Amino acid sequence: MTATEPRAPLEQPQPTPRRVRTTVLAWATSTDHKRIGLLTLGTAIVLMIAIGALALTMRAQLAQPQMDVLSPDRYNQFFTIHGTGMIYLVMTPFAIGLGLYLVPLQIGAPNVAAPRTTMLGYWLYLGGAVTLLSGFATSSGAADHGWYAYPPLASTRFTPGPGVDLWIAGVALAGTGLLLMAATVLWTALVKRAKGMTLLRMPVFSWSVVATNLMVIGAFPSLLVAMGILAAGRVNPAIFSDNTWNIGYQHVFWFFGHPVVYVMFFPFVGAVAEVLAVFGARRYFGYKGTVVALLAFAALSMSVWGHHMFSTGQAENDYYSLTSILLLVPAGLEYFGFLATLLGGRLRFPTPMLFAVAFVPQFLIGGLTGIMIATPVVDYQVTDSYFIVGHWHYTLAAGSLFGFFAGFYYWFPKATGLLLRERMAKAHFWFWLVGTNVTFLPMFWLGLHGMPRRIASYLPQDGFGTANLIATLGSGLLAIGTVLFVVDVVVSVVRPRRAPDDPWGGFTLEWATSSPPPPHNFDPAHPLPPVRSYAPLLDLRAEEGRA
Amino acid sequence: MDYRGVFDQVFGLQVWIAVGVFVLVTGLLLGALVVNRARRRDKLPFAASQNNPIEITFAVFLGGAAAFLVWLSLSNNHKLDYGDTLAVAQQTGLAPGQQPVRVDVTAFQWCWSAAYPGSSTLVSGSCATPADRPVIVVPQGRPVEFSLTSRDVVHAFWIPDLAVKRDAYPDHVNTLLMTFPETGQWLGRCSEFCGTYHMDMDFYVRAVPPDQYQAFLQTGALPAGAAA
C-alpha cells in the first residue's frame, strides 16, 4: 500500500441518535471529540480570565514605586501562578484543545481515536488545574517559586508549606492529561483520515497540530521527570546540596520548557494561515514549504533548550546559540507563506481576519527579539530582566493569543451554530491591538535600563515609574477588551442568531457539515465531499464555476 | 572584559537589522491591506499557490542570514571570557603568569558578601535599605576575577550598566573575568528570583585606583576622600 492510497474507514458509520443528550452527565462522560474539545477550550478560557486578573493586580502593584497593593509574598505567588497557569492551563490547552476539536473534522474522521483516553486527559487537566490553584486556600498560600521552580528554592528547606506540593501535583496531572490528548489527536491525524485525505492534503492547521503534538510527545515526559525531581526534593531537600541536581533539573526542565513554547505557537500559525487564505479568497501560498518548515521547526525545537541557561556558566552557549538562531529559517518560510497569501489575495476584513493580520507583525517583534536573546553576549545583559518579559509577552499575548482569537471568531459559528456580534468583536480587537503594545513595549526599555523580572516593588530613584505606569494603563485596555469578548459571547448565547453552515466561504471539510456538526461529524444530510487538495471546498466551487 | 562594549556593538547591529525586517514585513503587509481590498479587486492579483524557485531561493537567503547571525553571536562570545579566561586576561594587559585579582562573592538570602583572598577584609551588608547595600571594591585597570557562589538558592550577579550577568549557585563556583578601565561605582542587582526579598538584593561595585585598593585590603576600609 502506498502512502497516497486512500484508507478504508476503520469503523462503520453509526446511525445518528434520535436526540443529542445535553445533560451535564452527558458532557462529563462524552466520547465526542467536539464536546471534549469544547470542555477543554471553555475551561481554558475561564482560567485565562481568572489568571489574567492576577496579572492586572500585579500591574496595579507595579504602577508606581513602593505601592502596597500586594505583599511581597502574595506578589510572588501571583506571578508564579500567572506564569504557570497561562502556560500549563491556558495556552497549551488552547493549542491542544483547538486541535482536538478541529483535526477530526478537517480530515473527515468521525471522531478522535481513543476518545475515552482523550476524556481522561481532560479530567486530568481539570484536576491538575484545581489542585494547582487550591494552593491559594492553604495558610501559606500558593506556590511562589516562579513557573520553572528552580531548586533549591523550590525545596522544603527554602519554600515550606503545601502550596508547592499542590503545584507539583497539579502540573504533573495537567501535563499528563495534555500529553494523553495530544497523543490521541496525533494518532487520529495519522490513521483516521477520510478517503482521499492524504497526508499532503491535510489543511495547514491540521499539519500545525501534527507538528505540535509531535513536540508534546517528545517534550512532556521530560516535564514529568522534572516534577519527579522536585517531588524528591520536597521529601529530602538535602539532594539539592549537590549542584548536579540543581543544574540537572534545569536541563531536564528546559528540555521540556522550550518545545512547549512552540506548542503554544504552532496551532495559531495554522489558524492564522487558514484565516488569511479564506479571507484572501485564495489557496494558501507555499503549502508544502510551510509543512516542511513546521516539521523542521519542531525537530530543531528539541535542541535549543540551553538558551535559557546562557548565564548559568554551565551550558554550551555556542551550541545553543547556533541551534536557536537556525530557527529563523523555518520561521522565515512560515512568514513567506503569510505575506505571499496576503499579497495574492482579495482581502475581506471580518474580525477573524483582523486578529490574523495583526498576529503577523506582533509575533514578528517576539521573533526578532528572540534572535537577540539567542545571542549570548546580548543575553548576558537582558536575561531575567523585563526585556525577556516583553519578549515572551509579544510571542504569547500579542502573538499566539491573537492567533487564538482569530481562530475563536472564525470557528465559533461552526462549533455553536451561533453568530457573534461583529461590532463588539471588532471593539475587542482594537482594545487588544492598542493594549498589548502599550503594555508590553515599555517592558523592553525597562529591561535594558536594569529592571529585573519578578520584583514585587521598586524604589523611586530607580527611574522605572513612568514606563511601568504606561504598561499598567495598557493592561487596563486589555481588561476592557476582554470584558467585551465575554459580553459578546454571552449576548450571542442569550439572544441567539443562527449561523449558516458556512458563513465565511471556508475551504476545509469542517465547513461542509452542519453548524454545529452532527455527533459523528458527517451524516447522510452532510456527506463528506471529495478531497483532491488541501482546500477541498475551494476545488468544489471551482468545478461548479466551470460547470 | 568589556561586556558593555560588545553588547552595544552586537545589540546595536541587531536592532538595526530587526527594524529593517520589521519595516519591510509590515510595509508589505499594510500595502497588501490597502491595495488588495476585495472592493478594489475583481480577481486575484496572482493565482499561483506555490513557486519553488522563489521559495528555495528565499530559504537559501534565510540560511545565509542565519549563518551571519550565528557568526556574529559566536565570534563575539569568544571575545568575552567564555571558556578561556586567562587568554582573554592576557589580551587585556595581564602579563603572562600573573594572576588576575580574585574577589570571592557569595550570594545569600537576601544580600551579598565579598571576601578578598590573602586579606582579612570582608564586605557585607543587609540590603534592607539602600544605605545597607554592600560595596564590593575592585582595583581600576587590572583584570578582576569574580568567583561567584551562593550559600543557599540560585541568585544572579547583574550589573546593568556594564551589561554583564552570571548566576551564583550553591555547591558551584562561576567565574566572571572583567576589567574596570575607569574608576566609578555601579549598581548591581540580583536577577534570578530567590524568594521573598529578591527585590531588595542590590549592591554596588566600586572601582578605585590601585593604591587605594591596597589600602582597602590592609585596613578593610577605603581611605577618607577615596575616588568615587
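Colleague: Which residue of chain A meets B:R189 in a salt bridge?
Modeller: This is a predicted model, where local features need pLDDT of at least 70, side-chain atom pairs count only at pLDDT 80 or more, and totals for chains, interfaces and linings use all residues. Residues are numbered from 1 along each chain as its sequence is written, chains are lettered from A and ligands numbered from 1 in the order written, and side-chain values use heavy atoms, without hydrogens and water. A salt bridge puts a side-chain nitrogen of Lys or Arg within 4 Å of a carboxyl oxygen of Asp or Glu. The rule finds one across the interface of chain A and chain B, and at 2.9 Å, N to O, the partner of B:R189 is A:D462.

Colleague: How much area do chain A and chain B bury between them?
Modeller: Buried area is the accessible area (1.4 Å probe) that two parts lose on being put together, summed over both. Carbon and sulfur atoms hold 67% of it here. The total for chain A and chain B is about 6,700 Å².

Colleague: Which residue stands opposite B:R166 in β7(B)?
Modeller: Strands are DSSP runs of E, at least two residues, numbered from the N terminus, and two strands pair if DSSP finds at least two bridges between them. β6 (residues 155–159) and β7 of chain B pair in the antiparallel sense over five bridges. Opposite B:R166 stands B:F157.

Technical notes. Helices (H or I, at least four residues) and strands (E, at least two) are DSSP runs, numbered from the N terminus.
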